[in-house]
Amino acid sequence: MGNIFSISLSLDPIMTRCWDCATGQAMEELKAIRRDLMSRVRVAEDEQQLKRLNQVEGWLSRAETLINDADQLIVQSPQHVENLCMGGCCSTHPRSSIKFGKKIAKKLLEVKNQKENGDFSDVASKPPLPSATERPSEPTVGLESNFNKVWSCLQKEQVGIIGIYGLGGVGKTSLLNQINNKFHDTTHDYHVIWAVASQDRPIERSLDEKAEGIFQVLCKKKFALLLDDIWEWFDLTRAGVPLPPKENGSKVIFTTRRRDVCCQMQPNMDNNIRVECLPPGEAFKLFEEKVGSETLRMHPKICKLAEAVVEECAGLPLALITIGRAMASKKTPREWEYAIEVLRQSAASVLPGVGKEMYPKLRFSYDCLPDERFRSCFLYCSLYPEDFLINEDELIDCWIGERLLDEHANLSNSRNQGHFIIGSLIDACLLEKGQYNDRVKMHDVIRDMALWIAGESENERFFVKSGVQLKEQPKAKKWEEVTRMSLRKNQIENLTEILECPNLQTLFLGRNDFKVIMDDFLNFMPMLRLVSLEHLNLSRRGIKKLPVEMKALAKLKYLNLEGTGDLKMIPQQLISSFSKLQVLKMEGCGYGCLLVLEEMEHLKYLNVLTLTFRSASELEKASRFNKFFSCAIEC
């Protein structure tokens, strides 16, 4: 026992007193090294945009821990000194003092080693490019199935290029954001590159030397190039991007509003994914997120009215988001009823954000059409009622009659040109194929945008009240500015008020319940040029006879009498008087077709003729007229 006691007498006071001396000097040296190192790191990070080395970060973390531990020992040191007696040579708690002495010795050794390891020639380096940079995105609705399709395509080795296309505002960029962030959140060996190629921010066509540099980098890597919003075929090779080879599995994923761009970039349409508008349930969910559930609960009627607003948006996310935000502050049913009315009247531009944000975004598709002819043909489609299935041949006939197509081409070439334009509008997602192959339609929001464009135009002023259940002749403030008017598909019975429309070129009155049309109704529309009329569509009207005065239409090229089952009388020599007639349609006409054929032998321009024969014998009699016409006779 005596030996043990004598050792504690000799070690405790020595270690305690040495600690007081050594700790101050050692810790000050360590703190100084740490301060100098931190100063170098801050300069590298803040001024040179470098990233501190992991070994430097580790040293700084260990030094901080050592300094904190040492500070604790300094706090504990006076307590152990107080435990000493007999002139500072004997501890009243020998076991505790020995343990404390060992801590001091160990910590001094750690401090010494830390100081020796704190000499760094470099403290930071240029950070490596991340495999994918996370992009900010809002929660999406209804894109899950499209995301799964794209991600599934990405897993296929044989697929190198994937196209995502659809209507403007349908969620293509949001979908590409999800793809990018999926790369960010998962382990993979792709180098992910994001580039925006919008019409107003085109990708710079790289110079040869720049493209060569890009190629030299990318050809050695497995990359995923995400191109957002391209408007035309993009030459990957010219930009220095190697075509995705099967050897390393590189991918190119792009978005576009144009189906034809998808076909040019990726001919295999199985690898091109169309983003459709949302179905009703998901559309309402997205709308509710933007308008707020509190607003929908403000009044018992509002939720039902909101369903009508959502219906008018026709599932287009951009419209649901924009109009949802516009209605977020509307707390009364009357405000919601007004919104429904302006949406149904295609006057949504009065709502906040629609005319200044939504329509301009959609307009890019219109602005990118090849020329003014395409744009005029597109705007013309908005004259038809909402959700109306437009017969392609009838539409093309109207374009021909309105001289929107090449005037110098023969009728066959003009019709082919019309079908080409329809195909181009479908490719641009500005028209959609209807449920029948010979029908097209406009998305409700695209139609509203078209009417907004026509309203903003200096050359075109549309007055469109088609399919809105009008019962009376409409009113307008400035009839003199109107160039095209459509009152089609209403319940109007009387046109008894004069409309002074000096610039009116187009007038749609079909599918109404007319009983009275005043004699002078058309007299104040001089631009209609009735005597110079070239296109006359009387199809599906309840007319019983044609007036002999029609002989004045010496320039008539197109006459449609289809579906006029009540028509029993056509004056003799009326049809044959139309010496420039190119198209005559009488399918479903109540008048005898043979009587018409017999007087048309001298119509040298006629090249489209559609008739309905009631029997095989009638058709056989008509066959003798084939030698006079280059036409199609249908039974």
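Angles under 35 degrees count as roughly parallel, over 145 as roughly antiparallel, 65 to 115 as roughly perpendicular, and the rest as oblique. I start there because two packed helices are described by the angle between their axes and the distance between the axes. Before the pair itself, some housekeeping. What you see is a predicted model, in which local features need pLDDT of at least 70 and side-chain atom pairs count only at pLDDT 80 or more, while totals for chains, interfaces and linings use all residues. Numbering runs from 1 along each chain as its sequence is written, and side-chain values use heavy atoms, with hydrogens and water left out.

Now the helices. Helices (H or I, at least four residues) and strands (E, at least two) are DSSP runs, numbered from the N terminus. The axes of helix H11, residues 317–326, and helix H13, residues 354–367, come within 10 Å and cross at roughly 170°. Axes here are lines fitted to C-alpha atoms, for helices over the stretch in contact, and angles run from 0 to 180 degrees between N-to-C directions. H11 and H13 are therefore roughly antiparallel to each other.

Which residues meet across H11 and H13? From H11 they are Leu 318, Ala 319, Thr 322 and Ile 323, and from H13 they are Val 354, Met 358, Lys 361 and Leu 362. Contact means heavy atoms within 4.5 Å. The residues of this contact divide into 6 nonpolar, 1 polar and 1 charged.

H11 is mostly covered, with 8 of its 10 residues buried. Buried means under 20% relative accessible area, exposed means over 50%, and partly exposed is in between, with a 1.4 Å probe and protein chains only. Leu 318, Ala 319, Thr 322 and Ile 323 are among the buried residues of H11, and so are Pro 317 and Gly 324. The buried residues of H11 pack against H13 and also against helices H8 (280–291), H10 (302–313), H12 (333–344) and H17 (444–456).

Next, the cores. A nonpolar core is a set of buried Ala, Val, Leu, Ile, Met, Phe, Trp, Tyr and Cys residues joined through side-chain atoms within 4.5 Å. The largest has 112 residues, and those with the most contacts inside it are Phe 183, Trp 336, Phe 378 and Trp 399. H17 gives the most to this core, with 8 residues. Leaving out residues up to four places away in sequence, Phe 378 touches Tyr 366, Leu 369, Leu 425, Leu 430, Met 442, Ile 446, Met 449 and Ala 450.

Is Glu 312 buried or exposed? Glu 312 is found in helix H10 and, at 9% relative accessibility, counts as buried. Setting aside neighbours within four places in sequence, Glu 312 is in contact with Leu 343, Arg 344, Glu 386, Asp 444 and Val 445.

That brings me to charged pairs. A salt bridge is a side-chain nitrogen of Lys or Arg within 4 Å of a carboxyl oxygen of Asp or Glu. By this rule the count comes to 23 salt bridges. In one of them, Arg 484 pairs with Glu 460, the closest N and O atoms being 3.5 Å apart. Arg 484 lies in strand S14 (residues 484–486) and Glu 460 in the loop between H17 and strand S13 (462–464), so the pair ties together parts that are 24 residues apart in sequence. Both Arg 484 and Glu 460 are buried.

Lys 515 forms a salt bridge with Glu 493, with the closest N and O atoms 3.9 Å apart. Lys 515, at 63% relative accessibility, counts as exposed, and Glu 493, at 32%, counts as partly exposed. There is also a network of salt bridges, linking Asp 393, Asp 397, Arg 415 and Lys 585.

Last, the backbone. Most residues other than glycine have a negative phi. Ala 314 has a positive phi, near 50°, and is found in the loop between H10 and H11. Arg 403 has a positive phi too, near 60°, and lies in the loop between helix H15 (392–401) and helix H16 (411–427). Ala 314 is partly exposed, with a relative accessible area of 26%, and Arg 403 is partly exposed at 40%.

Methods: Ala, Val, Leu, Ile, Met, Phe, Trp, Tyr, Cys and Pro count as nonpolar, Asp, Glu, Lys and Arg as charged, and the others, Gly among them, as polar.
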